[in-house]
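Please look through the structure below with this briefing at hand.

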Amino acid sequence: MTEDEFWTLLETCRPSAPDPEADHLAPALTDHLAEGPVPAVTGFAEQLSRALYRLDRREFGEELSADEFLYTRAAVVAAGRAEYERVLADPARFRRYAAEYVWAEALLYVPDQAYERLTGETWDRATAHSYESYSHTEGWAAAPEEQAAPTGGRADAPESGSDRRPPAPRR
C-alpha cells in the first residue's frame with residue numbers, strides 16, 4: 001500500500017459525522033481491510049507506523065506520557081492527510097490535540113484485528129518503523145542550540161550519551 005492509498009483509504013472509511021477519536025473510523029477500516037488481501041493489511045500497518053513515527057518528535061511530545069503521546073499522534077493521523085501535514089508543519093496544532101485529550105487509540109488496533117479476521121491467526125506484527133513513543137531517535141535529538149560545543153577529541157567520535165533515550169516526559 002502506498003502512502004497515497006493509505007490516506008485515500010482513511011478518507012473512504014471516514015464517517016460523515018465528526019469522529020476525532022476514530023471510534024467509527026477504526027471499525028470501518030477494520031471491516032474494509034478484513035476483506036483482504038493480506039498485503040493490504042500489512043501495507044496499512046506499514047503506512048500507519050510510518051505516519052506515527054514521523055510525528056514522534058520532541059516538539060510534539062515532550063510534556064506527555066508515552067501512552068498520551070501515542071494516542072494523540074493517532075488522533076492526528078485519524079484527522080486525515082491535510083491536518084496531518086499541517087501538524088507536521090506547525091507543532092502548535094499538535095498541542096491542541098494533547099490539551100483536549102483527543103485520542104484515537106482504536107486506530108492502532110486496526111491492522112491486528114483485520115489480520116486476525118482475515119487469517120484466523122494472531123499477527124506477530126513487525127514494521128519498518130516503530131510507532132511506539134520516543135522510538136524516533138532523530139526526532140528526539142537535542143536541537144543544535146541545545147547540544148554542547150565540542151570539547152576536543154576526535155571530530156568523528158560520537159558524542160557522549162548520543163545513544164541515550166530522551167528524558168521521560170513530565171506529567
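At 1.5 Å a residue, helix 3 (residues 38-54), with its 17 residues, should span 24 Å, and its end C-alpha atoms lie 25 Å apart, which agrees; the expected span is 1.5 Å times one less than the number of residues. Helices here are DSSP runs of H or I with at least four residues, numbered from the N terminus. This is a predicted model, in which local features need pLDDT of at least 70 and side-chain atom pairs count only at pLDDT 80 or more, while totals for chains, interfaces and linings use all residues. Residues are numbered from 1 along each chain as its sequence is written, and side-chain values use heavy atoms, with hydrogens and water left out.

- The buried residues of helix 3 include Val41, Phe44, Leu48 and Leu52, where buried means under 20% relative accessible area, exposed means over 50% and partly exposed lies in between (1.4 Å probe, protein chains only).
- The buried residues of helix 3 pack against helix 1 (3-13), helix 2 (25-33), helix 5 (66-78), helix 6 (81-89), helix 8 (105-108) and helix 9 (110-119).

**Nonpolar core**

- Of the 46 residues in the largest nonpolar core, Leu29, Phe44 and Val77 touch the most other members; such a core is a set of buried Ala, Val, Leu, Ile, Met, Phe, Trp, Tyr and Cys residues joined through side-chain atoms within 4.5 Å.
- Helix 5 gives the most to this core, with eight residues.
- Leucine 29 touches Leu9, Leu10, Cys13, Phe44, Leu107 and Val110, not counting residues up to four places away in sequence, with contact meaning heavy atoms within 4.5 Å.

**Aromatic rings**

- A search of the whole structure finds nine aromatic pairs, where rings of Phe, Tyr and Trp (its six-membered ring) pair if their centres lie within 6.5 Å, and planes under 30 degrees apart count as stacked, over 60 as edge-to-face and the rest as tilted.
- The rings of tyrosine 101 and tryptophan 103 form an edge-to-face pair, because their centres are 6.1 Å apart and their planes stand at 80 degrees.
- Tyrosine 101 counts as exposed at 53% relative accessibility, whereas tryptophan 103, at 29%, counts as partly exposed.
- The rings of tyrosine 115 and tryptophan 123 have centres 5.0 Å apart and planes at 25 degrees, so this pair is stacked, and both residues are buried.
- Phe6, Trp7, Phe44 and Tyr84 form one aromatic cluster.

**Charges over rings**

- Arginine 73 lies over the face of phenylalanine 69, at 4.6 Å from the ring centre; a charge sits over a ring if NZ of Lys or CZ of Arg is within 6 Å of the ring centre and within 35 degrees of the ring normal.
- Arginine 96 lies over the face of tyrosine 97, at 4.7 Å from the ring centre.

Terms used:
Helices (H or I, at least four residues) and strands (E, at least two) are DSSP runs, numbered from the N terminus.
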